[in-house]
Amino acid sequence: MPDSFFASTKTRKRKRSVSTAEGARGVKKIPRKGKSSSQDTKLTHASARRGGAADEELNSDRTDSEGGGIDDIDLRADVQPETSGDEDEQETPAEKRLRLAKLYLESVKDDLAEGEFDAAEIDRELISERLRQDVLEHSGKVHLFVADFYDFTSTSPLRCRGHRFSVTSAVASDDAQFLYTSGKEGTINKWSLQSGKKIATFYKQRVSKGKEKALPQDIQGHTDEILSLAVSSDGRYLASGSKDRRVGVWDVEKDEWVKGFGGHKDSVSSVAFRKGTQQLYTGSFDRTIKLFDLSAMGYIETLFGHQDTILCLDALRGETAVTAGARDRTIRFWKIADESQLVFRGGGKSAIRELLEGGAFEGHQDEGHVNGVEVDGPKSNKSKEKMKESKYAEGSIECVAMIDETTFVSGGDTGYGSICLWNTQKKKPVYTQTVCHGFHEVQSTTEGLVRTPRWITAVASLRYSDMFVSGSWDGDVRFWKLDQKLRSFSLIGSIPAPGVVNSLQLLVLPKGALDNASWREKEQRPPTKSPVQPTLLVVGSGQEHRLGRWLNMKGEGVTNATTVHIIYPRT
């Protein structure tokens, strides 16, 4: 018998028993009379309206066993019982998907209906083709095999001359309406591709010294050479990287300076936008990559990994980027979301690398050794050729361009001025083409004729296609075609480009974009039924390399200018 000291004096309430049938149906609460009766009535009506709408739209998602519990009550009805609220707040996920799909189709129709088309043709053929292209582009794989359809014969290009020194970068907007160029003197020029005339100039800013020295955030522009340019996909923002260690953002619709981002400790050598977004990637001589979001005008993060200066950077639609690390002879593939990187090593053999990789000096060649064997007496011609080749087997990776989300090409003076094809599934190059732009010959008083392969100064690709271009200072821009399996590439054509090629861009020309351009009046092209669109090639060249003055080209046609070529399909 329990002690009376621990016994409770309160009367216990008897629990109400619930039958099995009532438990299955759910217990209904009886509204109490009083102040809360009106509020309960509102909640009951709100839940009834919400449940009725749900029954009409999502009958397949509901079951008979579901009752009207507290989860089905719209609490906003107590605040505004007479209004339905915002349209986006009340719509279901199915309605939202349907609304967005209708908006997308309307935008596609507006883009395609600019010309003279039949409405039925637009609804059936053109829209389906546009949707198919969008799906393939979002897949991130090569799907445009168009290299065989183009005619690379020389056409009359647009030549834009407006810089005192070499052109360091030249980019056109995606709609092919404007062209932006930068020079070593620190200015940016904006050109109209319709008229071929300069319409705006962003000048280099002079910094006062002494007590009146301005702060970096107060300077509306760059104060040193501009090395790289990039345009956002919507054509609103222009990003610029400069030797003043700042990343400039320009509103090209208003032709004004927006903001300058600091943070880099050395020259900003390359900038690139993620396709379809306003995310900006920047590479610098301080061996880091920084990410910015221009929709919020803010800094995101910094990526580390390279052991030498970053000379080139490229990005496509995915959250990835690829960079060239100069004399660390690596290409790094950055997975931004995963905060990881893949390292791809290029370049020729060296004694130090062989030693570090456990191969001692096997394969190292010097003046007295060929393939690791000491050579005595007179040397054969093959031995001399091998020894000459060993003198320029090392160098740096200068430039890189993405073909699709997993394939990219690189160029430089590593491996005899070669272009390498890479894939993220393999650490070594899938294919290497040596001496892509011939040899540079110099007459020496002591050594005689010295021949060294020209290194690759710029590469660019036609996004998600089997065609890319490369440039050097041999006087030509060369076109290359990838095979169907993306295992190799071959030369298919060239276009004259005197001087040092510092910048290249390939862009699919939108339909009817430059039909009324004044500089195309003299061209008479017969109509063609080719399945591909003409391509725009932008070449920025000059007398000197964009990063130094170790080259000084002089001769006929060598000017500090930007040329714009239209590559037409074969008739």
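This briefing covers surface charge, loop residues and backbone angles in one model. The model is predicted: local features need pLDDT of at least 70, side-chain atom pairs count only at pLDDT 80 or more, and totals for chains, interfaces and linings use all residues. Residues are numbered from 1 along each chain as its sequence is written, and side-chain values use heavy atoms, with hydrogens and water left out.

**Charged patches**

- Asp174, Asp175, Asp234 and Glu253 form a patch of negative charge on the surface.
- Lys426, Lys428, Lys485 and Arg487 form a patch of positive charge on the surface.
- Patch members have over 30% relative accessible area and no salt bridge; like charges are joined within 9 Å, and nonpolar side chains (Val, Leu, Ile, Met, Phe, Trp, Tyr) within 5 Å.
- A salt bridge puts a side-chain nitrogen of Lys or Arg within 4 Å of a carboxyl oxygen of Asp or Glu.
- Asp174 sits in the loop between β2 (167-172) and β3 (178-183). Strands are DSSP runs (E, at least two residues), numbered from the N terminus.
- Asp174 is partly exposed, because its relative accessible area is 32%. The classes are buried (under 20%), exposed (over 50%) and partly exposed (in between), with a 1.4 Å probe and protein chains only.
- Arg487 belongs to the loop between β28 (476-482) and β29 (489-496). Its relative accessibility is 53%, so Arg487 counts as exposed.

**Loop residues and their contacts**

- Glu225 is placed in the loop between β5 (198-202) and β6 (226-231). Glu225 is buried, at 19% relative accessible area.
- Leaving out residues up to four places away in sequence, Glu225 touches Lys184, Gly186, Ser242, Lys243 and Arg546. Contact means heavy atoms within 4.5 Å.
- Arg161 lies in the loop between β1 (158-160) and β2. With a relative accessible area of 57%, Arg161 is exposed.
- Arg161 and Thr181 are 20 residues apart along the chain, and their C-alpha atoms are separated by 9.7 Å.

**Positive phi**

- Most residues other than glycine have a negative phi.
- Ala176 has a positive phi, near 60°. Ala176 is in the loop between β2 and β3, and is buried at 0% relative accessible area.
- Arg287 also has a positive phi, near 75°. Arg287 is in the loop between β11 (279-284) and β12 (288-293), and is partly exposed at 39% relative accessible area.

Note on methods: Helix = DSSP H or I, 4+ residues; strand = E, 2+ residues; numbered from the N terminus. Areas by Shrake-Rupley, 256 points an atom, 1.4 Å probe, with all protein chains shown as cover. Lys, Arg positive; Asp, Glu negative; His and termini not counted. Charge placed at Lys NZ, Arg CZ, Asp CG, Glu CD.
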